[in-house]
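Biologist: I am new to this structure and would like to learn how to read it. Could we take a few features in turn?

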Amino acid sequence: YAPIRLIMFASVLVTEQGRRKVMDWLFSSPPRTMREAQHLLPKIIASDLEGCITPSGRTELDLRKIQRLRSYCDFLATPLGKAFPPVILYTGRSQGYVEFTAQSLGMVKYDSYIPLVIENGAALYYPHTKKTVCLLTPEQRSAIRKLDGALREHLLGNEFEPKAYMITVNPMVGQSIEELKKIIEKRIEMLGETDTFAISNSITAVDITPAAATKLTALQRVAEDLEVDAKSIVALGDSVSDIAALMWAGEAFCPAFGVDREVVDSVEGKHPEGTHVIHGYDIDFVVEVVERVCGLRLP
């Protein structure tokens, strides 16, 4: 394993011709040599946000832990780091939340063509240019707006998060996520729109998106635009809405705790060797995966 600060220091000292030799030297120690040769590195590490990079349940961030992942994103901007996979996000969070996270992690240094998936796959956000691209059709956007109005009239006591392309509803005090989800499902059924929308939930809220817009379809769009095969993508997730993406990617990881059992079962089924369920919480989990798949040691 090579300490990442040593790699960044070396990138300043050596010439372009000598960088490959330096990389081979840095990664020549066991247990692996530059992830068993550099061509085996993944092309993308796609991580869910809440419950992976940020803690779930709206608890506070540990900025010291955030700095560890930030060091990797900074490394990607160096000449040697360009050979390593960027960490991108696929999340139900809004553009503003994701923009702040991307700035905190240094993702604004990414090339302008690398996007992050926001609002459960309804849009892409490009941190380098601050550009948002909606992936919904005009009909889907119209339908989600119409449903938003109908639900606000019906759920007067619930908080609606500010989303542009999807609907996120928070439960009232004393109301469980399961109760809120059933109420929303019933209302959509009464409107005759059951097949039009997909309903999912996190620990803190219920999400409604057009049925055809998912985290997976958005990641597939990203892979197509970047000309990356699914086998070259590592996916990290902790919720049921992440399972499709986890099963599609070449490698899948999830935390061992604070996660739906269905997610753990899916990852263990995909990787029966039992090495892809990580005993770490939120960003510690993400950092461990980055270190493992890249053969690095983050400071």
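Biologist: Which residues does Val169 touch, not counting residues up to four places away in sequence?

Modeller: This is a predicted model, and the contacts are computed from it. Val169 touches Leu155, Asn158, Glu159, Phe160, Leu180, Ile184, Ala205, Val206 and Ile208, with residues up to four places away in sequence left out. Val169 itself sits in strand E8, residues 167–170.

Biologist: Is Val169 buried or exposed?

Modeller: Val169 has a relative accessible area of 0%, so it is buried. As for Arg152, 17 residues away along the chain, its C-alpha atom is separated from that of Val169 by 9.4 Å.

Biologist: Ile208 was in that list of contacts. Which residue stands opposite Ile208 in the strand pairing?

Modeller: In general, strands of a sheet pair through backbone hydrogen bonds, either parallel or antiparallel. Here Ile208, in E10, stands opposite Ile199. Strands E9 (residues 197–201) and E10 (residues 206–210) pair in the antiparallel sense, over five bridges. A hairpin of four residues connects E9 to E10.

Biologist: In what order do the strands of the open sheet of three strands come?

Modeller: The order is E4-E5-E6, with antiparallel pairing. At the edges are E4 (116–118) and E6 (131–134), each of which pairs on one side only. From one strand to the next the twist averages 30 degrees.

Biologist: How many bridges join E4 to E5?

Modeller: Three bridges join E4 to E5, residues 123–126, and these strands run antiparallel. Within this pair, Val117 has Leu124 in E5 as its bridge partner.

Biologist: Now the helices. At what angle do H3 and H4 pack?

Modeller: Two packed helices are described by the angle between their axes and the distance between the axes. For H3 (residues 63–76) and H4 (residues 95–105) the angle is about 75 degrees and the axes are 8 Å apart. Angles of 65 to 115 degrees count as roughly perpendicular, and H3 and H4 are therefore roughly perpendicular to each other.

Biologist: Which residues meet where H3 contacts H4?

Modeller: From H3 come Ile66, Leu69, Arg70 and Cys73; from H4 come Gln103, Ser104 and Leu105. By type, the residues of this contact divide into four nonpolar, two polar and one charged. As a general point, an α-helix has 3.6 residues a turn, so residues three or four places apart point the same way.

Biologist: Where does Ser94 lie?

Modeller: Ser94 lies in the loop between strand E3 (87–89) and H4. Its relative accessibility is 15%, and Ser94 therefore counts as buried, the cut-off being under 20%. Leaving out residues up to four places away in sequence, Ser94 touches Glu119, Pro162 and Lys163.

Biologist: How many residues of H10 are buried?

Modeller: Ten of the 13 residues of H10 are buried, so this helix is largely enclosed by the rest of the structure. Among them are Phe285, Val289 and Val293. H10, residues 282–294, reaches 19 Å from its first C-alpha to its last, close to the 18 Å expected. Gly295 follows H10 and has a positive phi, near 70 degrees.

Biologist: What does the secondary structure of the chain come to?

Modeller: The chain has ten helices and 14 strands. Of its 299 residues, 51% count as buried. Among contacts in the chain with a separation of 6 or more, 59% are between residues 24 or more positions apart.

Note on methods:
Residues are numbered from 1 along each chain as its sequence is written. This is a predicted model: local features need pLDDT of at least 70, side-chain atom pairs count only at pLDDT 80 or more; totals for chains, interfaces and linings use all residues. Side-chain values use heavy atoms; hydrogens and water are left out. Axes are lines fitted to C-alpha atoms, for helices over the stretch in contact, and angles run from 0 to 180 degrees between N-to-C directions. Helices (H or I, at least four residues) and strands (E, at least two) are DSSP runs, numbered from the N terminus. Angles under 35 degrees count as roughly parallel, over 145 as roughly antiparallel, 65 to 115 as roughly perpendicular and the rest as oblique. Contact means heavy atoms within 4.5 Å. Ala, Val, Leu, Ile, Met, Phe, Trp, Tyr, Cys and Pro count as nonpolar, Asp, Glu, Lys and Arg as charged, and the others, Gly among them, as polar. The expected span of a helix is 1.5 Å times one less than its number of residues. Buried means under 20% relative accessible area, exposed over 50%, partly exposed in between (1.4 Å probe, protein chains only). Two strands pair if DSSP finds at least two bridges between them.
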